[in-house]
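Visitor: I would like to learn how to read a few features of a model like this one. Could you walk me through them, please?

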Amino acid sequence: MKNRFILTIIPIIALIGSLFYITTLFIKPSPKKEITIATGSKQGQYYQTALRYKDLLKDEDVKVNIINTTGSIENIKLLENNKVDVAFVQNGILDKTSKLETLASIYYEPLWLFYNNSLDIKYIKDLKNKKVSLGQEGSGTKNLSTQIVKLNGLNKKNTNLLYLSSKDSFEEIKQKNIDAAFFVVSQKSKLIKELLKDKSISALSFNRAKAYSKKLNFLHALTIYEGSINLQKNIPNKDFNLISTTATLVTNQNLPEELTRLLLKKVKLIHTEKSLFSKEDEFPNLNGITTTINEEAKRYFKYGDTWLEEIFPYWIASTIDRLKILLIPLLTLLIPFAKGVFPLYRWSIRSKIYKWYDEVQELDLKLEHLESNPQDIIKKLEILKKEIKDETKVPLSYMGEYYDLIMHIELIITKANLKKNNQ
């Protein structure tokens, strides 16, 4: 019975499958599983974060290419020229006029100002006439520090402003060749830890940190507490205030929705952890973004994983979601099939009984025209009855038709015996 039913529905399944295949030809194909990310120098936090993304995306069969750069400005140019798909960009550099889109803000990036202890520096304005490194050309450090010194009335006319890399700034201030240097870098950086340990160098406490955050709405006021980096060595040796932007992931709209969503899943997995400055689950977020926010990112942060993603591995869930257009032809087919499948099933079961009537009728007709002994016909009818009982298996609901067949054969046997006795 099962085999018969399977053979009956195979053509239906084949037809539905064919229609699915034809429809898929008109659906956008799956994206290439490859992402190119622009970071910063290999010593920076951007690069280390990209390596973590690479490891996680490798499990999803996504290849990640990493391009090292001088920082945010160069990253933006690479995005605009379609040389990369995603880049780390310091929040506040781009505005709403840019065609680039932000995927997420992922962690705080504090602005540090270190200066020689021999100087009396309490505010940024006290750097006037001093030798100050604002960060390398093309870097986010240079962009932010330039805005900060400008707010305090410093410029090239009244201050010796230099544009050194983080590494060079570190070396120059350690050797007392410059008076102060700005850095936008994570507190985990070895560079920051070394500078905080150096007793001849001080870190400026931004006493007006909240005022800066009001002037530039992408900035945040943070506090770093005594001993919070290293309790044993008491680094730092006092509380002080910082101003901070955030690191963001930016795309040029060429990244397919599937890869965007998959990347955001990994981003969320990494950056929800509690850190020195952020609470658990504070990042990733879309707060204070100065440029356009990617639509897929908005949906993901608002609704989270879909029910398909919770049930299936991501790429299976993505494929099913892409094929949702097939529901229309499928439902169109299922309505008439739903009406026809049960009559078809009833016919397939009854046909297992009715197919025997050809032989029964043939023997009955021979008996009608037989003038000799009907013993051969009786023998054939008995064999036929046994064969039917051995081969014909039907559900209990169809046993009425089955016993009707057996009864008809018995009637013909009875008729044949009567004819035999009358001869």
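Guide: Gladly! Keep in mind that this is a predicted model. Let us begin with helix packing. Two packed helices are described by the angle between their axes and the distance between the axes. Here, helix H13 (residues 357–369) packs with helix H15 (residues 399–422) at about 15°, and their axes are 11 Å apart. Angles under 35 degrees count as roughly parallel, so H13 is roughly parallel to H15.

Visitor: Which residues of H13 and H15 make the contact?

Guide: From H13 come Tyr357, Val360, Asp364, Leu367 and Glu368, and they meet a set from H15 that includes Asp404, Leu405, His408, Ile409 and Ile412. Sorted by class, the residues of this contact are seven nonpolar, one polar and five charged. As for handedness, the crossing of H13 and H15 is left-handed.

Visitor: At what angle do the axes of H13 and H14 cross?

Guide: The axes of H13 and helix H14 (residues 375–391) cross at roughly 165° and come within 10 Å. Angles over 145 degrees count as roughly antiparallel, which means that H13 is roughly antiparallel to H14. H13 passes H14 in a left-handed crossing. On the H13 side you will find Glu359, Val360, Leu363, Lys366 and Leu367, and they meet Ile377, Lys380, Leu381 and Leu384 of H14. That contact divides into six nonpolar, no polar and three charged residues.

Visitor: And how do H2 and H8 pack, in angle and distance between their axes?

Guide: Their axes are 10 Å apart, at an angle of about 120°. That angle makes H2 oblique to H8. The crossing of H2 and H8 is right-handed. H2 brings Thr49, Arg52, Tyr53, Leu56 and Leu57 to the contact, while H8 brings several residues, among them Leu262, Leu263, Lys266 and Val267. By class, the contact of H2 with H8 has eight nonpolar, two polar and two charged residues.

Visitor: Last topic: the backbone. Which peptide bonds are cis?

Guide: Most residues other than glycine have a negative phi, and most peptide bonds are trans. In this model the bond from Ile235 to Pro236 is cis, with omega near -5°. A cis bond also joins Phe283 and Pro284, with omega about -5°. Pro236 sits in the loop between strand E9 (220–224) and strand E10 (240–251), and Pro284 in the loop between helix H8 (257–271) and strand E11 (292–293).

Visitor: Is the phi of Asn82 positive or negative?

Guide: Positive, at about 60°, although Asn82 is not a glycine. You can find Asn82 in the loop between helix H3 (72–80) and strand E3 (86–90). Asn234 has a positive phi too, of about 55°, and Asn234 lies in the loop between E9 and E10.

Terms used. Residues numbered from 1 in each chain as written. Predicted model: local features only at pLDDT ≥ 70, side-chain atom pairs only at ≥ 80, totals over all residues. Heavy atoms only, no water. Axes fitted to C-alpha atoms, helices over the stretch in contact; angles between N-to-C directions. Helix = DSSP H or I, 4+ residues; strand = E, 2+ residues; numbered from the N terminus. Parallel < 35°, antiparallel > 145°, perpendicular 65-115°, else oblique. Left-handed = near helix turned anticlockwise from the far one by under 90°. Contact = heavy atoms within 4.5 Å. Nonpolar A, V, L, I, M, F, W, Y, C, P; charged D, E, K, R; others polar.
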